Each structure stands twice: as structure tokens, then as C-alpha cells.
Amino acid sequence: MAENNIVILGAGYGGIRVAKQLSTILSEGEDYKIILVDKHDYHTLMTQLYEPAAGATELNDAMVPLREIIDGLNVKFIKGTVENIDLRNKVVALNSGDIKIPFKYLVNALGSEPEYFNIEGLKENSISLSSLKNAAKIRCRVEKILEQAACLPPEEREITFVVGGGGLTGVEFAGELAFQLQRERDRYQIEKHHYKIILVEGSKNLLPGMSPAVYRYAQKTLEDLGVEVITGDLIQKATPETIYLASGREINYTAFIWAGGIRGSGVASKSGLKTDSRGRVLVNQFLQYVDDPYVYALGDGALVKDPKTGQPVIATAQAAMQQGNVVARNIYADIIGIKKKVYRPSLIFLLIHIGRHQAVGEPVNKMKKLKLKGFYAAWIKNLIPLKYSLRLGGFRMLFRRLFPNKNVKYELYKCNNYK
Ligand SMILES: Cc1cc2nc3c(=O)[nH]c(=O)nc-3n(C[C@H](O)[C@H](O)[C@H](O)COP(=O)(O)OP(=O)(O)OC[C@H]3O[C@@H](n4cnc5c(N)ncnc54)[C@H](O)[C@@H]3O)c2cc1C
């Protein structure tokens, strides 16, 4: 029955968690249909994007076909791009209105898009590390630059990669790129003095919000890998060749990767839902949209506050999955008429990879004295995608992650698509 549809928009960390939990708790006899919608028929392991972008792993390693996750669950998948959410008529429109899905309950788990802060030329001249497709674009660009440089006489090889934003994403990408370039030196016949990697962060320190022990370790490790770290300087303008910083410094670049911020997916605000200035849907403590108790939002696309501190919960895969559990539980509570649960973030531990063999991290909301760094931290970091796989897709997804199906090929990695 269409009016009993539970429609989940977005098959990211949060959306899949809701679908999986609901499929488990809603018994067979319940008259509800769970519908999961995404523009892709695969789940992106967003937390790993820096690896294929820097050429450390294959793109296929950062994706899992959705059928492998939802097979056996009581969930129907619809592939399509969400264009509009019509709250009044309780309908979601996909693909310019081609498909309309009525709903009783709706979960907005559409994640984020890059935030460009209205900086002149930033969007047009950078590639944001925000999707698998963009990871492919970055990789193609890096490879092309290196191939072209290899054809030049050594004294003319001058490559500058600029990474904008020294948060988690920027630090991981800059570190991985530095490590990969060292590893690929023979293949591309490049020496250390032929290229520069510059990481630019506007705040006083890298990894804003993390403790001095963590950001100092991150900076030192990056510098040991040959990355120039600029902090406390804002990018004010970008042209196709040059980045202009607030300090007056101008950097001529060969490729510019943007990892400096995110905002909630634009679908909610375009559809007239109430959002904050960063496009995040306003929700209450049960993760219900403030103007409609049948609509929930979570993850990067929602302004979720920690009831203890009143501060927004940091946008992470860990938080999105925790929120997914609560949303599923609260929809079920609503259906059977029991009390809903308040979302209280449990431990969120951020571990940042810097090159292959180093990592550093700490919890961001509890037990803040705990720190991990060095080789062992990197080893633990490598286990995290396995943990996500297990939590999102059970042993089947874990198995898929450990033994990727090389026959499943997506047409993302064709560099001639990205001229
Ligand atoms: C390089 C990098 C490293 C990171 N490292 C970590 C880490 O170490 N630890 C951590 O906890 N977090 C990390 N994060 C953050 C984490 O990835 C995000 O917080 C998390 O993905 C948010 O989950 P979500 O479910 O809200 O959205 P997402 O996982 O982004 O999922 C959103 C889904 O919605 C779909 N979608 C979007 N728009 C539409 C549309 N219009 N129509 C249909 N479908 C749509 C997308 O295809 C996607 O499947 C990292 C992020 C990046 C980029």
C-alpha cells in the first residue's frame, strides 16, 4: 500500500543503516514497504575516497554494489536522482519528475555537497574530493600531469598540487598523494624537486577541533613526507592557474583539490524544508524534521545537536550510522505506539591516515585524553573499513571488501571522460 511506504533517500552510511535496521525490526506481517532511493546502484565508502583519488587503491575498492547489501532484506531499491520533496502531498520526485514515490515516513539521508563559501573561482577551478566520480577525476588529472611531465626535459618539470582545506579529508589526501608520488617516482621519472604538494588551511592549525598533540603530529608527519603546510591563511580567489591567499601570497598550481568544507545536500532547501545556513535540515532530538513528525533527517545533511552540549554533532560516518539506528527505532516506535528515543551521540573516534604507514587520532566527543599515533594507529585505521562493512552489510559485505569482485566494473575510471 503506497500510503504505508517508508522512503529512505540516500544509500550512504546513514540511509543503509536505517534500511537494514527497519528491515530487521519490522516483522513480516507489518504492512509497510521500505524503499531505498539513491542516484547510484552502489554504496560509496566515502571514508576511503582519498585512497583511489591518490592512486593508492582501485576505485572499485571504495564502492559496494547495493544489491550485495540489501539482498535478503525486506527493502526495495529504486535508482534515481531525488529532485524534490513535496511535504504537503507526501511525494518524492525523481529524475525531473519522471518517477514519483508517495510516502508515509520519509528519511532524508542525502549527505552533503561541497561548500565553496562564495570564494571567487573556487568551484570552477578546483576538483572537490566529494564523490567517487570526483575521486576518479582527481586521479586522472594527477596521472595526466605526471605523464606530461615525464615527456619534458627534467629542468622543465615543475608541478604544484594544491590541496585546499586541512581538515580530515585534506590531510588524508595530501598525505596519501605525497606517499604515492614517492612510490611512483620511477614510473614517472620524477624526483622530489620536480613537484610540490601544498596544503592550505584557513584556521590557525590543521584538523580544527582536534587537540594540539594530534594536529602537531599530523603537520610534522606531512612535512616529513614533503608536504608544505600553510595554516592561518585563507584562499580568497582562484583562477585557472593561480590561487590567491589572504596573506598576499600567490600560488601557481597544476592541480587544485578542494577539501575545505561541506554543506547539506541542496535537495532539502530547494524543496522548501527548513535548513540552517549550511543547508542542513533542522531536526529535533528524535531526529524528526521540526515541521513534520513523519519526516526524519540524519547524517551530513542534518543539523543534529548533542543534547548534552547543544553543539552540532560532527559530520562523520560514525555519527550517521548511530543516527540511522535511532531513526529506524523511532519510526518503529511511532508505528507500534511506544516512546521514541532521544539521539545521544556515543563515542566518535577519528583516526587520520597520513601516508600509508602513519595515522593519528583521538575521540572527538568523549574520553578525549585517549590518543593513538604512529604505525599501530595506521594498522588500526586499515581495519576501520572492515568494521563499516560489517556494520552496514554484515558478513557478506565484509567478505566482499576482503575479496573484491573484480568482475564488477563501473565506467567511472575512463580518463578520456574527464578532459
Ligand atoms: C575523504 C573522506 C574521509 C573521511 N573519513 C572519515 C572517517 O575517517 N571517519 C568518519 O566517521 N567519517 C569520515 N568521513 C565523513 C563521512 O564520509 C561522512 O560523514 C558520511 O559519509 C556521511 O554519511 P551520510 O549517510 O550522511 O551521507 P553519505 O554517506 O554521503 O551518503 C549520501 C548518499 O546520498 C546519495 N545522494 C545524494 N544526493 C542524491 C540525490 N539527489 N538523489 C539520490 N541520491 C543522492 C549519494 O549517492 C550517497 O549514496 C570522511 C569523508 C571523506 C570525504
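## Aromatic pairs and the domain interface

Counting rings of Phe, Tyr and Trp (its six-membered ring) as paired if their centres lie within 6.5 Å, the total comes to 5 aromatic pairs. The centres of the Tyr 32 and Tyr 105 rings are 6.2 Å apart with planes at 50°, so this pair is tilted (planes under 30 degrees apart count as stacked, over 60 as edge-to-face and the rest as tilted). Tyr 32 belongs to the loop between α1 (13-25) and β2 (33-38), and Tyr 105 to strand β9 (residues 105-108), so the pair ties together parts 73 residues apart in sequence; helices (H or I, at least four residues) and strands (E, at least two) are DSSP runs, numbered from the N terminus.

The model is predicted, with local features needing pLDDT of at least 70 and side-chain atom pairs pLDDT 80 or more, while totals for chains, interfaces and linings use all residues. Residues are numbered from 1 along each chain as its sequence is written, and side-chain values use heavy atoms, without hydrogens and water.

An automatic or database domain assignment divides the chain into domain 1 (2-113 + 263-348) and domain 2 (122-260 + 351-402).

| Domain 1 and domain 2 | Value |
|---|---|
| C-alpha centres | 28 Å apart |
| Buried area | about 3,300 Å², 61% of it on carbon and sulfur atoms |
| Salt bridges | 2 salt bridges |

Buried area is the accessible area (1.4 Å probe) that two parts lose on being put together, summed over both. A salt bridge needs a side-chain nitrogen of Lys or Arg within 4 Å of a carboxyl oxygen of Asp or Glu, and the side chains of Arg 139 and Glu 58 form one at 3.7 Å, N to O.
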